[in-house]
Amino acid sequence: MALRYKRIRGTRDLVPAETPKWQYVERTALETAEKYGFTEIRTPIIEKTDLFIRSVGETTDVVQKEMYSFEKGREQITLRPEVTAGAVRAALENSLLADALPLKVSYVAPCFRHENPQAGRYRQFTQFGIECFGPRDPSADVEVMCVAKDMLDRLGIGDVTLHVNSIGCPDCRPQYNEKLVAYFRSHYDDLCDTCKERLERNPLRLLDCKSERCQAIAHGAPTTIDNLCQECGDHFDGLKSRLDAVGIRYVVDP
């Protein structure tokens, strides 16, 4: 007899034989974060749609194509596609940043994106993450990377290489964007329709296009790390030197 109701495409059931494995991974992630001083935060699965439009970016695929959004009453509501935006909102709304900094939080939480289902990718998935509010020193960035490496080591996941880059700051990014626009405009006729639209609105998104044609063009584009201001360049150099000091292998990937 055929089942009348089946799970929605792109979702999965975790049956009792599988849940202990998930619990182990989730527990390991949160325990590792706690060892570094990150304590757990839990935020609602639903947030106002504007929160993600502002934080993730109006021109991103996440906002334009992947979010589960609906209207209830007069509110536009979205099932969260990621947790960072909600964690920042919660920190501000609950005045957590008024206490001693840094504020260090961690989470393991379900998220939702309407993507094409494939191996290892589901429309409901679980995200582990950590957020550190306050310090601007590269040591804070390295600590986040240390948490990730420590967690993967504890889970027995080896042969991992860290890729690092810098996209600059509000001071040097506009000048870089101008160079990027000029470069891609010289290849305008060869860009896909989506990238032609992104060119004026958010040129950085052209570097993330999935089209092989646009990827080939992007390969010759100016890089952010060659266009950093002094402060951002010093920060990036400090990041690399600290990674060397703690013995984490990395690749500079522009």
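Trainee: Which residues in α2 meet α4?
Mentor: In this predicted model, Leu51, Phe52 and Ser55 of α2 touch Ala85, Gly86 and Arg89 of α4.

Trainee: And how do the residues of that contact divide into nonpolar, polar and charged?
Mentor: Three are nonpolar, two are polar and one is charged.

Trainee: At what angle do the axes of α2 and α4 cross?
Mentor: Roughly 110 degrees, and the axes come within 9 Å. Angles from 65 to 115 degrees count as roughly perpendicular, so α2 is roughly perpendicular to α4.

Trainee: Switching to the sheet, what is the strand order?
Mentor: It's an open sheet of three strands, ordered β1-β5-β6, and the pairing is mixed. β1 (39–40) and β6 (124–133) are at the edges; each has a single partner strand, so one side of each has no neighbour in the sheet.

Trainee: Which helix packs on that sheet?
Mentor: Helix α4 (residues 84–93), which touches β5 and β6. The direction of α4 makes about 45 degrees with that of β6.

Trainee: In which sense do β1 and β5 pair?
Mentor: Parallel, over two bridges. Glu40 stands opposite Ser106 in β5.

Trainee: New topic! Which residues touch the most other members of the largest nonpolar core?
Mentor: Phe184, Leu191, Cys195, Leu206 and Cys214, out of 15 residues in that core.

Trainee: Which elements give two or more residues to this core?
Mentor: Those are α6 (173–185), α7 (193–201) and α8 (212–218). α6 gives the most, with five residues.

Trainee: What is Cys214 in contact with, leaving aside neighbours within four places in sequence?
Mentor: Cys214 contacts Leu191, Cys192, Cys195 and Cys209.

Notes. Residues are numbered from 1 along each chain as its sequence is written. This is a predicted model: local features need pLDDT of at least 70, side-chain atom pairs count only at pLDDT 80 or more; totals for chains, interfaces and linings use all residues. Side-chain values use heavy atoms; hydrogens and water are left out. Two strands pair if DSSP finds at least two bridges between them. Helices (H or I, at least four residues) and strands (E, at least two) are DSSP runs, numbered from the N terminus. Contact means heavy atoms within 4.5 Å. Axes are lines fitted to C-alpha atoms, for helices over the stretch in contact, and angles run from 0 to 180 degrees between N-to-C directions. Angles under 35 degrees count as roughly parallel, over 145 as roughly antiparallel, 65 to 115 as roughly perpendicular and the rest as oblique. Ala, Val, Leu, Ile, Met, Phe, Trp, Tyr, Cys and Pro count as nonpolar, Asp, Glu, Lys and Arg as charged, and the others, Gly among them, as polar. A nonpolar core is a set of buried Ala, Val, Leu, Ile, Met, Phe, Trp, Tyr and Cys residues joined through side-chain atoms within 4.5 Å. Buried means under 20% relative accessible area, exposed over 50%, partly exposed in between (1.4 Å probe, protein chains only).
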